[in-house]
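Please keep the model open as you read.

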Amino acid sequence: MSSYIKFTPISGAKNEDFLCYLLEIDEVKVLLDCGWSDSFNTDDLSNLKKIAKQVDFVLISHSDLSHLGAYPYARGHLGMTCPVYSTVPVVNMGKMCMYDMYQSKTNEIEFKTFTLEDVDNAFDKITSLRYSQPFLLTGKCQGITITAYSAAHTIGGTIWKIKQDTDEIVYAVDFNHRKEHHLDGTVLHSGGVVLDSLTRPSLLITDSYNSQVVHPARKDRYAAMFDTMTQTLNNGGSVLLPTDSSARVLELSYILDQYWGQHQLKYPLIMLTNTSYRTAHFAKIMLEWMGDDLTKKFSQSRENPFEFKYLRLCHKMEELENYPGPKVVIASNYSLETGFARELFVRWMASTKENELSHAMNTLILTDRSAPGSLARRIYDDWDQQTSNIQMDVIMSNGRSKMPVKPAVQYDKNINLTVYKRVPLEGAELQEYEAAQRAKAERDAAQAAIIARSKTIMEDDESDSSDIDENDENMEDLLTKQFDLYVRDAGKSGGFFKQAQSYRMFPYLEKRKKIDDYGEAIQVEHYMKASDYERIEEEKKNLGEGANFGKEEDMMMDIEGPLLPGRDETPTKYASSEETLTVHCLLRYVDLEGLSDGRSMKTILPQIAPRKLIVIHGSKEATEDLASACQSLSHFTKEILTPSVSEVLNVSAATNIYRIKLTDSMVSSLRFSKLDDYELARVVGRIHFPDDSTTPSLDVAMADNTAKWEPSVFIGDCRLTEFKKILQNEGIQAEFKGEGILVCNDQVAVRKTGTGQLLVEGVLSTDYYKIRSLLYSQHAIL
């Protein structure tokens, strides 16, 4: 039975704004992502406010601001109470992203849009799922199954599959099919083949962000970035790389730390974010979510790749003063609209007396194009315009064109910026502040006295036995003298009829057995060989223990340390000014976004072969480019939709659904064929409308009506990879050759056309008929 499906973009359609979409399956409302921009303008959420209370569940695909930025605000202020699903890394890194953004805004303005408590409450309510784990929803959403698949791009990044009855909806945005240093490519297109469970969905929702972009080779991009860095450092300048605080920063920090180690560079390499320590800590303990190469390297060397050897972690601007001279700083946020990256941009890239005296030009390397309207996007557009006039030869390699990496350019421009500062209070403002603080301290003291008095009364009412139990553990430390008070030892016996009394001298501390949920706790060391115990203790000293794979005291520091740096207690006020900065620096853009480019997307989509396609999140030109490229394919669906924001699409299956009642004679005449959990039958009869009911009835055909011959109908979707296993279990050799052709015993070929039709070709033989029979058994034949 088909479902009634509607799709409405809340944001991010025919533009590059944050992602947020409403999917309706019958009566169930699903929110796909819940992003926001770093301006945190509540007016941008006007569409979300209308439906936040009605949403039945939310799916979050990535841990960056454009996918989950509005979630804490929606949970705390818009009345959203529904379940939310994501992977474990998206929860951990998403929380770090929001913490960093909150602190960045608090350092600039009186930020009250949401609080850290809103962030904690929101992320505590997320249900974490693992990859390829089907999760059956309950309640109003009963019958819907959601499954997360790896999207790459960010750690824990997710492609969502939503299934109800025969409808399968795949939500795949911001994926990367190419392998990176810390992540493998998406399972959507692994090894040149689309995952079987994601092929031929009823509806595919994907983005067109990179539709018109063709990437140079990754090795060439990295080499260009390293060359620009080393050249700047050798000339006495510093390098700024704006990035995010929790997602793409992992790839960038890892490759730079490795490069510093290979070339033994002496220049400081620094990660400057508000949550740098926590981000590195979570990266260490989530290696299982990263690429196979990284986990294999760790299993062989037992060295955690995110136990950085050269990268220094900082979370305050003042800490940069400990690293004088030329340096490379990875700073948040990549939009240059807020955070340490914006502050360093103003300090390093603007022409000031300090910069002019150094006689060295600093370098800005953009790793992300950022959203339209942001400072980083304006600078990128300027760089793109300058480099578009430079003639560069397209390299041919193995018959394919190889895009060159565009060069760095000298960037000189006057930019109008709002500069935010925190100024110490002086004079009357300082006196007013101190008076308010004294009044607050007096109120707090009075409140604390009331609480202390209430606590004292409650403690007096407690039983003496509880006091004794609580203080048993410290009895030996408290007593320094012995007293002649005897305690009977019931464990000794003096005879059959008579018991001799024996006593123990007070203080005697009875050792209590530790009890857990399963009974008396077992101390493993009591059952170990001495040699094994000594070996394990020695390994702990050398390697450390736990997922941190560092020393124990380092692990405790990471866990127990504050999430955010402590605030300066000096009384300050916020001040802002409009300034015109003369920017003078070396500028280069190196694509480290970790997304599939347009050429790859146009190759992958035909292999997925969806029945319907919705294109979202991309400029109007990019959206039309991807849609027209898919329209031009002969074997691709023609139902390609490109909605605008707030446009409602009805993407239900093109079938009409009616309710009809089968008579007893009709039911008894049906011959059912079983397919998975369904039983199917072909129905031929006549419809009549009973006088006592508004529901029509279907009865067997009249005897004088000759039944019309109908060809057999094969129902089911047989995957060739699964069929290969079936053939091998039957003793038939089967292997894939060419483009998805399954060759059996070198005599029979089974292949699937672009429309999903299965073809069996070969010489008429015993093998042919056996293979055809096995193929028939995978379908319900009506």
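## About the model

This is a predicted model, in which local features need pLDDT of at least 70 and side-chain atom pairs count only at pLDDT 80 or more, while totals for chains, interfaces and linings use all residues. Residues are numbered from 1 along each chain as its sequence is written, and side-chain values use heavy atoms, leaving out hydrogens and water.

## H6 and H7

Helix H6 spans residues 218-234 and helix H7 residues 249-263; they pack at about 60 degrees with axes 12 Å apart. Helices are DSSP runs (H or I, at least four residues), numbered from the N terminus. Axes are lines fitted to C-alpha atoms over the stretch in contact, and angles run from 0 to 180 degrees between N-to-C directions.

H6 and H7 are therefore oblique to each other; angles under 35 degrees count as roughly parallel, over 145 as roughly antiparallel, 65 to 115 as roughly perpendicular and the rest as oblique. Their crossing is right-handed (the near helix is turned clockwise from the far one by less than a right angle). On the H6 side, Tyr222, Met225, Phe226, Met229, Thr230 and Leu233 meet Glu251, Leu252, Ile255, Leu256, Tyr259 and Trp260 of H7, contact meaning heavy atoms within 4.5 Å. These residues comprise 10 nonpolar, 1 polar and 1 charged (Ala, Val, Leu, Ile, Met, Phe, Trp, Tyr, Cys and Pro count as nonpolar, Asp, Glu, Lys and Arg as charged, and the others, Gly among them, as polar).

## H18 and H19

Helices H18 (residues 598-608) and H19 (residues 620-631) pack at about 45 degrees, their axes 11 Å apart. The pair is therefore oblique, and its crossing is right-handed. Met601, Lys602 and Leu605 of H18 meet Asp625, Leu626, Ala629 and Cys630 of H19. This contact holds 5 nonpolar residues, no polar ones and 2 charged.

Methods
Helices (H or I, at least four residues) and strands (E, at least two) are DSSP runs, numbered from the N terminus.
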